[in-house]
Amino acid sequence: MRYRMLLLLCFLSLGCTLSAQEPERETAKEARIFRLPEFERAFLCVRYFEGWHSEKNHPYVGWGHCLQPGEKYSARTMTRQQADELLRKDLRKFCAMFRHLGKDSLLLGTLAYNVGPFRLLGSGKISKSKLIRKLEAGDRDIYKEYISYCHYKGRKIRSIERRRKMEFLLLYEP
């Protein structure tokens with residue numbers, strides 16, 4: 001009986017010690033990602049939230065690249081390295097579309113990778129987004145507008161909202 005109690009006490013104290021060390025580990029992980037260049041943070045964030053797209057996700061391949069007319073990528077034969085290069089190329093392209101907005105171009109390029117650039121910039125029937133209008137007016141208080149891009153088919157999706165909050169935390173420069 002005493003042996004069991006002693007053993008239980010040891011396990012409990014070990015568990016408390018390990019759980020006390022967890023916040024230190026999490027803080028170290030958080031600090032590591034903020035040491036990376038911003039572009040790499042954006043790359044890793046998109047890669048994490050997009051996940052791998054296989055043949056069943058056609059027309060999406062790799063880390064969420066949407067196949068354009070004339071492109072000959074195959075989800076079956078694409079390697080992770082090719083998908084990484086394609087994601088970086090796409091992010092650079094989207095950031096260039098928002099270069100006129102200065103330091104917010106990476107944040108907007110990351111958003112455009114998921115929702116499409118014309119949802120933000122507008123074209124034809126779609127008007128320019130409130131987010132872009134606010135930034136062009138010089139108002140950088142955009143948290144509410146940025147997080148509002150978390151709906152799918154008219155419904156708010158919690159996982160997309162978490163993604164937007166993470167992107168904002170990692171990429172927004174006050």
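Visitor: Is Cys-66 buried, partly exposed or exposed?
Guide: This is a predicted model, in which local features need pLDDT of at least 70 and side-chain atom pairs count only at pLDDT 80 or more, while totals for chains, interfaces and linings use all residues. Residues are numbered from 1 along each chain as its sequence is written, and side-chain values use heavy atoms, with hydrogens and water left out. Buried means under 20% relative accessible area and exposed over 50%, with partly exposed in between, for a 1.4 Å probe and protein chains only. Because its relative accessibility is 27%, Cys-66 counts as partly exposed.

Visitor: How many disulfides does a search of the whole structure find?
Guide: A disulfide is a covalent bond between the sulfur atoms of two cysteines. Here the term is applied to a pair of cysteine sulfur atoms within 2.5 Å. The search of the whole structure gives a count of zero.

Visitor: Which side chain does a polar contact of 2.8 Å join to that of His-65?
Guide: His-65 is found in strand β2, residues 65-66, a strand being a DSSP run of E with at least two residues, numbered from the N terminus. With a relative accessible area of 5%, His-65 is buried. A polar contact is a pair of N or O atoms within 3.5 Å where, within protein, one must be able to donate a hydrogen and the other to accept it, and residues adjacent in sequence count only if both atoms are side-chain atoms. At 2.8 Å, the partner of the His-65 side chain is that of Glu-71.

Technical notes. Helices (H or I, at least four residues) and strands (E, at least two) are DSSP runs, numbered from the N terminus.
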